Amino acid sequence: MTQDARNQMEILAAALPFLKRYDEQIVVVKYGGHAMGEEESALRFGRDIALLEQMGVNPVIVHGGGPQINAMLKRLNVQSTFVNGLRVTDAQMVDVVEMVLSGTVNKQVADCITRAGAIAVGISGKDGRLIRAKKLTRTYRDPDSNLEKVLDLGFVGEPEYVDPQVVELLIAADIVPVIAPVGVGADGQTYNINADTAAGAIAGALNASRLLMLTDVPGVLDAGRTLIPEMTVAEARAGIAEGWISGGMIPKVETCIYAIEQGVKGAVIVDGRVPHAVLIELFTNGGAGTLIRP
Ligand SMILES: Nc1ncnc2c1ncn2[C@@H]1O[C@H](COP(=O)(O)OP(=O)(O)O)[C@@H](O)[C@H]1O
Ligand SMILES: CC(=O)N[C@@H](CCC(=O)OP(=O)(O)O)C(=O)O
């Protein structure tokens, strides 16, 4: 038995009293592009997810792939810009985003789980019309003119309606759904959706008991860069308004708030690079990362 398998067994031994809590429950895991790391770390993630499935929990994976899209754009010599953690996505960009997310990354993540002994099937939000999307519309106050302006991010979408039927069919067949955050408009247009936002919408539609957001920082850090173990929705909103929650952390925190408002019991932002982060979060008293609560 490898050292890693021994570690996994040790966590599970400690987890026994908690197992019943998640039996038959849906746990949505957002697997961020930064959390994926090297192959060994992705395989370890796959083993944890396969184990959850075998233990009777119903994991649903929504993955990101921002760094992987960046790497492909670099190869193609295409520049990319972000506004508030969202990629400005023109027609050429949306093709690359779909190719990387629904193609390479989606199949890699599903493969890591399948190699660990569960059956995982990779789909995107377009399959079965899982994520009906519309163009994201946001306004902002222009600091120069002080006028309210519309933010145009091109083909960046937001979920308008989630039809979880295809995911529920996979769960009923004991298959782990692995979902790429690409949505489809009423007119068939493909939209690039931030993976955090997609995960929150799916967790809400599935009435999940937990949403775990795996990233590459220990959780939400305060202005002094210290980990905040627990914060209320109001505190999280204040962090965004005050600016110490910024960039890619904004969609993450907003997603947790949304998921809680939809009835998800707990939303946690946690460091996915820590070995067995998912098991530790679900099955230990202290958990890890930042829990956002009402
Ligand atoms: N208050 C904060 N606490 C932690 N991270 C923060 C905070 N504000 C901004 N960030 C940034 O958010 C990033 C996480 O978002 P992102 O890179 O989009 O992750 P992912 O690829 O996992 O979705 C962190 O690496 C960090 O640079
Ligand atoms: C609109 C938007 O920004 N979409 C993201 C989708 C991928 C993503 O969110 O990946 P991570 O979770 O790894 O950051 C993007 O284009 O990068």
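**Notes on a predicted model**

1. Welcome to this structure: the protein has 11 helices and 16 strands. Both kinds of element are DSSP runs numbered from the N terminus, with helices (H or I) of at least four residues and strands (E) of at least two. Please keep in mind that this is a predicted model, where local features need pLDDT of at least 70 and side-chain atom pairs count only at pLDDT 80 or more, while totals for chains, interfaces and linings use all residues. Residues are numbered from 1 along each chain as its sequence is written, and chains are lettered from A and ligands numbered from 1 in the order in which they are written.

2. A word on overall form. The C-alpha trace spans about 60 × 40 × 35 Å along its principal axes.

3. Now for the inside. Buried residues make up 46% of the 294 residues. A residue is buried if 20 or more other C-beta atoms lie within 10 Å of its own, exposed if 12 or fewer, and partly exposed in between, with C-beta atoms placed from the backbone. Among contacts between residues at least 6 apart in sequence, 78% join residues at least 24 apart; a contact means that two C-beta atoms, placed from the backbone, lie within 7 Å.

4. The largest nonpolar core has 82 residues, and Val28, Ile61, Ile202 and Leu211 have the most contacts inside it. Such a core is a set of buried Ala, Val, Leu, Ile, Met, Phe, Trp, Tyr and Cys residues joined through C-beta atoms within 7 Å. Helix α6 (residues 91-115) gives the largest share of this core, 10 residues. Beyond residues up to four places away in sequence, Leu211 touches several residues, including Val28, Cys256 and Val264.

5. Which residues does UniProt list for "binding site"? The unreviewed entry gives Gly65, Gly66, Arg87 and Asn192. They are spread over 128 residues of sequence but cluster in space, with a largest C-alpha distance of 11.8 Å. UniProt positions are given in the numbering used here, feature names are shortened, and annotations may be inferred rather than shown by experiment.

6. Two of these residues deserve a visit. Gly65 sits in the loop between β2 (58-63) and α5 (66-75), and Gly65 counts as buried because it has 27 C-beta neighbours inside 10 Å. Asn192 belongs to strand β12 (residues 190-192) and is buried too, with 26 other C-beta atoms within 10 Å. Leaving aside residues up to four places away in sequence, Asn192 touches Arg87, Thr89 and Phe155, among others.

7. Look next at ligand 2. Of the 16 residues around ligand 2, Gly33, Gly64, Gly66, Arg87 and Ala195 come nearest, where near means a C-beta atom, placed from the backbone, within 6 Å. The elements giving two or more residues to this shell are α3, α5 and β4 (86-87).

8. Is Gly37 buried or partly exposed? Gly37 is partly exposed, with 14 other C-beta atoms within 10 Å, and lies in the loop between α3 (33-36) and α4 (39-54). Apart from neighbours within four places in sequence, Gly37 is in contact with Ala42 and Arg273.
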